[in-house]
Amino acid sequence: MDPLQPVRDQFNLHSDAEVKWLEELFNLIRDQICPVLSGPDTSCQTANQRASNLTVCVLKRIQKNMSATHTLPVSYRLVCVSELLSHQRLACVINLSWSTHQQRTLAKEAELSLPGQQALPRANLLLIGCLTYNQDGEWRLMDASGSVRCEVMSPSPLWLNRLVFLPHWHYIPQNAPQQAQPDARGYLEMIGSPVLLSPGLVHGSVTAPVAGARPGITVSVTEAAALVHNRIRGQRLSVSGHVASVCPLLVIAGTSFFCFTLTDKTHTIPVLVKDSSKLWWTQCLSVGMGVCVTALRVCVLKAWRGNNILCVTEHSEIHKTHTPAEDTPPAMSPPLMTSHLGEGQPEMCLVQSAVRIKHSRVISYQGTVTEVVSEGAGLYIMDKVMGLCLAYQPTLRRRLRVGDKVQLHHVHFLYRPCPDFPPSMLCTCLRSTLTVTNFSGVLGSVPNHSCPGDGVLPRLLVEKSTAVSQYLWTCHLSSQLKCSLLCSTTTHCVCLLSWKLMEIVLGEGQQQRRDIYIEMLDEPHSCLLMQYAADWAQHQYVSLSELCKSLQEDSWASLSLSSLLPSAGGGLTRVEMNSAVAWSSRTLTSDPTGEPGETLGRRPLLLVGVLELPSHPSQHVLQLRDATGVIACVVTGNTQEEEGGGQRAFLNTAWIGCLVCVQRFTMVTERFLQSDFPSYQHLDQDKFITHKHCRVYLQFSQDCIHILSPSAAMVTHLCQKGVESVDKKKKVQIAATKKRRRWEEEPEASQSSSSIPMTATYPCVSVVLRLEQKTGVTWMNTGVGLEEEEAGLIACFSAKSTVVGPVVAWGHDPKNRPMEDSEVDKEKQVNVVCSGASARWFPVLQSGCFYRLVVPNTQDCSVLIDCAVSGSRSDFTVKVQSDWKFHTLTRPLFVHTYEQNVSSTVSSVSQVLDNSCADVVCFQGFVSERINLDDRTKNTGHAQIGLSLSYTHTHTHTHTHTHSKDKKKQYTCVCLCSGVRLTVCDQSGRSINVYLKLKNLNYPPGLLPGNTLMLSNFHKKLSRTGSVYCTNLPVSWVAVVRVRDKSSEGRPPVPIMHLGLWTRQSSTVGRIKGHVVCFLFLQLQWKCSQCGSVFRQSACSQCLSSSACVFDSTAKLVIDDGTGEAHVRFSGMHVRQLLGLAHSQWEGLQRALKVRGDITVYPRGRSTSCDSDDWLLHFLLLCVRRVDSLFLTCSRQHEAKTEVVKTLSRRKRDFLTRLAPPPKLTCQQMHSLPTAH
C-alpha cells in the first residue's frame, strides 16, 4: 500500500506540483524526523505509518498558519538542518503567514525606523525538528542530519523535547550579516512561538514539567530566607516568588553555573543552578516572572564567605505560577527607563586628587540597538544616544545586532565616563540581566574591521580588573591604531598594544580583585562599576596627518598681524612693518592640564609612530611617521644618560625604527609671510599678501618617549643598561616582531632606491670609530647633474673621527652589541664624509660618542682597510654610502677621561665673551630674542619685493616628501628671510648676538625664544663699537639641546644696574632707578610710511603719490641714579607713558599735529620755560615738567671706549680729568615706582 495514500485522501491535491511537494515532505519526515522520536505510541508503528501520521499533522498545522488555506505552500522548500547550515549563506526571514504586501510593508517600516539599514530578505523555507538543549544550556533544533542553535525570546519549558514546526524565524549566518562565507555556521532566531506537532520525545530525554503543575508544599521567599539560615541536612524546599535578577552563565574551571534571585515584597533569596541538565533555565527566566522552583536544597557556598544558598538539584523543576501579581514588577526592582535618561539623574560625586569620582546609579532600561561599535569589545549604541558596555559580563552567545530591542535590569548608569563615547553610558555587571524582547529585522552593517573584534580586550579586562573609564579609552584607541599603525598588524597585536599604551599613559591604578560571588549575590550590591572617574583629562590620540592639518588651519586662523608689531608699531615705515610680519611662530602645548600655554584642544594629546631618520638629507631633525603621514621632530636627549650632567641633543641610533608613544610635546608652527602692506591700517586686507607658507614640527625630550615596540638595537641597548630584564619568552616575541617589521631594522631601505633588501643573517664588515668633531650640513655642487637632485647640489657634512681598531668581518649585523677586544687596536685619524642619502645620519651623530660603522652585504675588508693601516698620509677619508649604518655603542671604560675633555670644550656665553683667544667657538645658551634679517630693509618701494622673490628662489627648501618613484623630489619650504639674529644668554644674564646667514645653510627648526641651543663652529667677531658677536661659517651647525619648558623655566631676572658701574660690565639689559636731570629733546611727527619723510597737509613732502602715513614719537633725556648719568631714548608708546597721557589725550595730540606734520621741543638747559605763544608747545613743556623719577628696563648700546678730557672748576682751581661718556640706553619697559607708606 502506498504510505502517502491516506494523506492524499485527506487533502485535495490540485496539481502535480502539490503531489511532488507532498512527497518531499513525507520523505523529509521519514528520513530526518522519525529517527529522533521515541515514545510508547510510536513503538508499535512502522516508519511509514509514523511518517504518514506526522505528515498529516504537519500539513494541518501549516494550513492553519498560512494566509491561504486552500492550497499547499509549494513555493516553500523543505530543508533539513544540515542543508540549512551548508547551503543558506545569507541572513533571511521566514514567515509563513505573511502575504507579499505584508512582507513589503514590514520591511519598509524596519528600514524607516533604522535609517541606512536594509531589511532582511525573505526566504521560503520550511523547518521541522525537535527542540532540545545541550550541556551548555543552549536550545537547539535537532533532526537526524544535525542540530542548529536556537535563540528564543520567551521560551517555555513545555517546548523542550517536543517535535515542533517553525512558522516564523530568522536565520543568521555567523559573522556574515551581508556577505556570503563558505564556512559560515549560523543560528536560528524564533520570532514567534513554535507549533507543537506531537508528544513524541527525543531519545534519552526527560519529560518536561506539565503546564500548571503545582508542587506539593511551597514556601514563600520570606519563609525560605528563614529556613536557609537554619540549615537542615537532607531538607528539600519548594520556593515560590518573583524573579528579581538572572545572572549570566559563567564557566569557571570547566564548571558551568548561573545564579538567579527570587523576591517578594520584603526579602530576596539567591538560587544557584549548577546542574548541567538545568542550565537551559537561563533562557526561560525573565525578571518579574512569577515562578515556583521545587526540590531545592540548602548548601554552603565557601567562595561566598561561607554563606548558605539554595541550590538546584537534579530533581528540581521550574513552574510558572499564574498569580495576579505575575505581570507586576517586583517591589525591589528599579524602575524601567528609556533613552530620555540624561545628566539630570542624581549622582553622588566625590573629588579625590583633582579627579572627579562619581557613583553610578543602578537602573532598568529598555531600548533599541542602533549601532554596533565593537562586538569583540562588547560596545553598542542604544537609541542613538546611549552607550552600552557588556564587557564586564561573559561574551554573549548571540551577539546583539542593529535593531534588537532589549531590556536591561540592574544595569549601571554612568555619565561621561569617557569623552570618546556618548555622555550617557550603561554598563552591565554580573548582577545585570539582559533580555532580547524582539529580534532585529534588518541585516545590519558590515563589521568594522578597525574595531577590536576577537575579544582580546574583554579577556584583558578579566585579568586586570580595570576601571570602566580606562577600558573605554583603550577600546577607542584600538580602533584608531588599527588605521594608523605603519605596519600591517593583527587585531590581537593592536589590542595588546593599546592595553600597554593605556597602562603607560593612564597608569595601572589600584587593581581591585574582582569577587564574582560578591558581585552577583551581595546585598547591598557591590562591584567595580559602583564608582568611576568622570570629567578627567583623558588623553586624546591623534594621527599625524590629522595633527598637521589642524596645526596648519589653526596657524592662519589664529594669526593677528597687528600683534606681531612692537608697541610702537604705528610708527613703523612700510619696509619695517613688512619685515616685522615676515616671520612669526605659534607654540602650543600638548597637555592643557600640565604646562601653561596655548593648547590645540581641551584634552592632552597623544602620538604614536615610528622614529625615523629624516626623509631628506637637508633636514636637521628626526621625524615621526605613521600610516597617515610624517612630521619633523626636534628631540633632545635625556639628562640622566649623561655622566657630565649636561643635557645634549638626541644621540642614540637605537631609537631609529622604534614604535614609540610621545606623551608630552610642544607643537610649533612657523609662519612665513611675504607682503607689501602700505601701512599698519591695511593689515586686515589679504590682497597685500603675495605669498605665505608655514611649516609644522614637534619639540619634545627623550624623557617623554615611551617604547611600545623596540627595534633590535634598542633591545640590546636596554639589556646593557639593565632597564628591562628580557626573559627567553619575550626574546622570542621580540624576534617575531622584528621579522614582521623588517623596516624597523632598516629605516633607510624604504627611503633610498639604492638600498638592497637584507635578511637577518647578511654578511657585513664594520669598524669602530670615535667621532670628535662634525661640520654642519651644507650644499655641495658635485659638478654633475643628478636625476634626483636639482642643479647637481647635494647635502653633505664631514666628521673628524678616530678609528680605534681594525676592520672586522661578521656573518650578521652586530648592530650595537658591546665592543669586543678584536675591535680595539691602534688608533687612526680619519675624515668621515656623508653626502647624499647618507647625510641623513647628521641628527644622531654627536661629538664624543662611539659608533660602529657597518658596511652590509660584503666581507671584503678592503672597503674600510685604509682606516686601519698606516700610510704616508696622516688622515684618510671615508665616504659613507647610502646603505651603510651607524650604531651607537656604550662608552668604554678606558675613554672616561676623554669624555670629560669633550664636554669641557662646550663653552658658555660668559666664557665666549671673556675669552679673546679662540676665533671659532662652540658654546651653549638659551635664546632670549629672535629677529629676522630681510634683504628688503636695504631698499624701498616695490623693488625690495622683487629682490626677495629672486633670493627666495635661490635657496628654498621643503619638508614635503614625495614618492620614491618620482624622478624628482621637490622640497619647497619657502624661507622669506635672508638671515636670523639670535640673542643667546646664559644663566648669569650675559648675552651675545649670533647672526645666521641662510644663503648656504639649511633653515634649521627650533630657533625659538626659550630653547637652549648648542652652536658649534661659529666665528667670533668684534664689532666697530667693541661688542662681541658671532656669525656662522659653512661648517657651522646648530642643535637644540633643550626645549622651552614654561613650568620650570629658570631664566634669571633682569638685574638692577648702577649707571656708574654699568660700563664696566657686559650685561646689555638692566633695570635702573633714578630721577630726571633734564630733557634733551622731544620729537613728534607724522611721516610717510613709504619713504619716512615728514607728512604735512595729508601729503608727503617727498613722494607726492603716497597717501599712507604713520605717527612717530621720540624723546631723549638724562637720568641720574646717584652713581652716574645716562642718556635714555624713548620711542612709541613709551613716550606716551613718559608724558603721563591717557589714550584719548594721546590720540587728540596726534590729531592736533596732523596739519603741522611735526614738532620738536628743545628745553632750555635744565629748565622747561618758554616764551613762545604756541599752545601745543606749552602743553608739551607742561607734560615734560611733571616727569621726575623713573623706574625703567633698558638696553645698553655698545660704543667704543673713548674717554674725553673735561675741566672741572672748584673755586679758584681748575682740574683736568678724563671721563667716560655717559652710557646710551634705550627704554624697553617702564615700571611703576612703589608708593611710600
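This briefing walks through some side-chain contacts, a patch of charge and a few backbone details in the structure above. The model is predicted, so please keep that in mind as you explore. A search of the whole structure finds 28 salt bridges, and the count of aromatic pairs comes to 14. Let's look at some of them, one topic at a time.

**Aromatic pairs**

- Start with Trp 841 and Phe 886, whose ring centres are 5.6 Å apart and whose planes stand at 65 degrees, so this pair is edge-to-face.
- Trp 841 sits in the loop between strand 43 (828-835) and strand 44 (850-856), while Phe 886 belongs to strand 46 (residues 885-889), so their contact ties together parts that are 45 residues apart in sequence.
- Phe 842 and Trp 1037 are both buried.
- Elsewhere, Tyr 133, Trp 139, Trp 280 and Trp 281 are joined into a cluster by ring pairs.

**Salt bridges**

- Arg 625 and Glu 612 meet through their side chains in a salt bridge, at 2.8 Å from N to O.
- Arg 625 is in strand 33 (residues 622-625) and Glu 612 is in strand 32 (residues 605-612), so this bridge ties together parts that are 13 residues apart in sequence.
- Arg 625 is buried, with a relative accessible area of 16%, and Glu 612 is buried too, at 6%.
- Another salt bridge brings together the side chains of Asp 914 and Arg 990, at 2.9 Å from N to O.
- Here Asp 914 is in helix 18 (residues 909-914) and Arg 990 is in the loop between strand 49 (979-985) and strand 50 (991-997), so parts that are 76 residues apart in sequence are tied together.
- Asp 914 counts as exposed, at 55% relative accessibility, whereas Arg 990 counts as buried, at 16%.
- Asp 1112 and Lys 1087 form a salt bridge as well, at 3.4 Å from N to O.
- Asp 1112 lies in strand 56 (residues 1109-1120) and Lys 1087 in strand 53 (residues 1069-1088), so the bridge ties together parts 25 residues apart in sequence.
- Both Asp 1112 and Lys 1087 are buried.
- Salt bridges also link Glu 189, Arg 398, Arg 401 and Asp 404 in a network.

**A patch of positive charge**

- On the surface, Arg 231, Arg 233, Arg 236, Lys 274 and Arg 297 gather in a patch of positive charge.
- One of them, Arg 231, is in the loop between helix 6 (221-229) and strand 13 (236-246).
- Arg 231 is partly exposed, with a relative accessible area of 39%.

**Backbone details**

- Glu 523 and Pro 524 are joined by a cis peptide bond, with omega about 0 degrees.
- You can find Pro 524 in the loop between helix 11 (516-521) and strand 29 (531-534).
- Ala 295 is not a glycine, yet its phi is positive, near 55 degrees.
- Ala 295 is in strand 17 (residues 290-301) and is buried, with a relative accessible area of 18%.
- Lys 384 also has a positive phi without being a glycine, at about 70 degrees.
- Lys 384 lies in the loop between strand 24 (379-382) and strand 25 (386-389), and is exposed, with a relative accessible area of 58%.

Note on methods:
Residues numbered from 1 in each chain as written. Predicted model: local features only at pLDDT ≥ 70, side-chain atom pairs only at ≥ 80, totals over all residues. Heavy atoms only, no water. Patch = residues over 30% accessible without salt bridge, like charges linked within 9 Å, V, L, I, M, F, W, Y side chains within 5 Å. Areas by Shrake-Rupley, 256 points an atom, 1.4 Å probe, with all protein chains shown as cover. Salt bridge = Lys/Arg side-chain N within 4 Å of Asp/Glu carboxyl O. Lys, Arg positive; Asp, Glu negative; His and termini not counted. Charge placed at Lys NZ, Arg CZ, Asp CG, Glu CD. Helix = DSSP H or I, 4+ residues; strand = E, 2+ residues; numbered from the N terminus. Buried < 20%, exposed > 50% of the residue type's maximum accessible area, 1.4 Å probe, protein only. Phe/Tyr/Trp six-rings, centres within 6.5 Å; stacked < 30°, edge-to-face > 60°.
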